[in-house]
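The following briefing concerns one protein model. Please keep the sequence and the structure in view while reading the points below.

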Amino acid sequence: MRALARECGLCVADKSDSQDICFVPSGRYTDVIQRLKPGAAEPGEIVHIDGRVLGSHPGIVHFTVGQRRGINVGSPQPLYVVKLDAMRKRVIVGRAKPCSRGASSFPA
């Protein structure tokens, strides 16, 4: 896509990828989410899809499905966030990166 944007002479062709919510003026999306969804920044468990509790997290507000970096639990293989369970304050992880929003099963 960047090559196509460059060919078309678009000024955003070499712009860095967005890593945050672009409409939050202060750049701290967690503040906005905490206001809109109280409890999203409360700590909880990081749980493997097989049910093992692997660690804890400072709040699901800091995670997105598909995320690999920043999970901060030890594993011989890369782990990805495969689901966020807001009701139980759990971040569910597995070793397969989700391929689409509709993906419902991941190898353990």
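Valine 73 touches Ile46, Leu54, Gly55 and Leu79, leaving aside residues up to four places away in sequence; contact here means heavy atoms within 4.5 Å. The model is a predicted one, in which local features need pLDDT of at least 70 and side-chain atom pairs count only at pLDDT 80 or more, while totals for chains, interfaces and linings use all residues. Residues are numbered from 1 along each chain as its sequence is written, and side-chain values use heavy atoms, with hydrogens and water left out.

**The nonpolar core**

- The largest nonpolar core has nine residues, and Val73 is one of them.
- A nonpolar core is a set of buried Ala, Val, Leu, Ile, Met, Phe, Trp, Tyr and Cys residues joined through side-chain atoms within 4.5 Å.
- Buried means under 20% relative accessible area, exposed means over 50%, and partly exposed lies in between (1.4 Å probe, protein chains only).
- In soluble globular proteins, nonpolar side chains tend to be buried together.

**The sheet**

- Four strands form an open sheet with mixed pairing, in the order E2-E1-E4-E3.
- E2 and E3 stand at the edges with a single partner strand each, so one side of each has no neighbour in the sheet.
- On average, neighbouring strands of this sheet are turned by 30 degrees against each other, direction ignored; the axes are lines fitted to C-alpha atoms, and angles run from 0 to 180 degrees between N-to-C directions.
- Strands (E, at least two residues) and helices (H or I, at least four residues) are DSSP runs numbered from the N terminus, and two strands pair if DSSP finds at least two bridges between them.
- E1 and E4 run parallel and are joined by four bridges; valine 47 has isoleucine 92 in E4 as its bridge partner.
- Strand E3 (residues 80–85) pairs with strand E4 (residues 90–94) in the antiparallel sense, over five bridges.
- Within this pairing, valine 81 stands opposite valine 93 in E4.
- E3 and E4 form a hairpin with four residues between them.

**Residues with a positive phi**

- Most residues other than glycine have a negative phi, and most peptide bonds are trans.
- Lysine 89, in the turn of the hairpin, has a positive phi of about 55 degrees, although lysine 89 is not a glycine.
- Asparagine 72 is not a glycine either, yet has a positive phi of about 60 degrees.
- The loop between strand E2 (53–57) and E3 holds asparagine 72, which counts as exposed at 73% relative accessibility.

**Salt bridges**

- Side chains of opposite charge can pair when their charged atoms come close.
- The count comes to three salt bridges, where a salt bridge is a side-chain nitrogen of Lys or Arg within 4 Å of a carboxyl oxygen of Asp or Glu.
- Lysine 89 forms a salt bridge with glutamate 42, and their closest N and O atoms are 2.6 Å apart.
- Lysine 89 lies in the loop between E3 and E4, and glutamate 42 in the loop between helix H2 (29–36) and strand E1 (44–48), so the pair ties together parts that are 47 residues apart in sequence.
- Both partners are partly exposed: lysine 89 has a relative accessible area of 30%, and glutamate 42 has one of 37%.
- Glutamate 45 forms a salt bridge with arginine 90, with the closest N and O atoms 2.9 Å apart.
- Glutamate 45 lies in strand E1 and arginine 90 in strand E4, so this pair ties together parts that are 45 residues apart in sequence.
- Glutamate 45 counts as partly exposed at 32% relative accessibility, whereas arginine 90 counts as buried at 18%.
- Aspartate 50 forms a salt bridge with arginine 52, the closest N and O atoms being 2.8 Å apart.
- Aspartate 50 is partly exposed at 44% relative accessible area, and arginine 52 is partly exposed at 46%.

**Glutamine 67**

- Glutamine 67 is located in the loop between E2 and E3 and counts as buried at 17% relative accessibility.
- The side chain of glutamine 67 reaches the backbone nitrogen of threonine 64 at 3.0 Å.
- A polar atom of the glutamine 67 side chain also lies 2.7 Å from the backbone oxygen of arginine 69.
- Glutamine 67 touches His62, Leu79, Tyr80 and Val81, not counting residues up to four places away in sequence.

Definitions and conventions. Polar contact = N/O pair within 3.5 Å; in protein donor to acceptor, adjacent residues only side chain to side chain.
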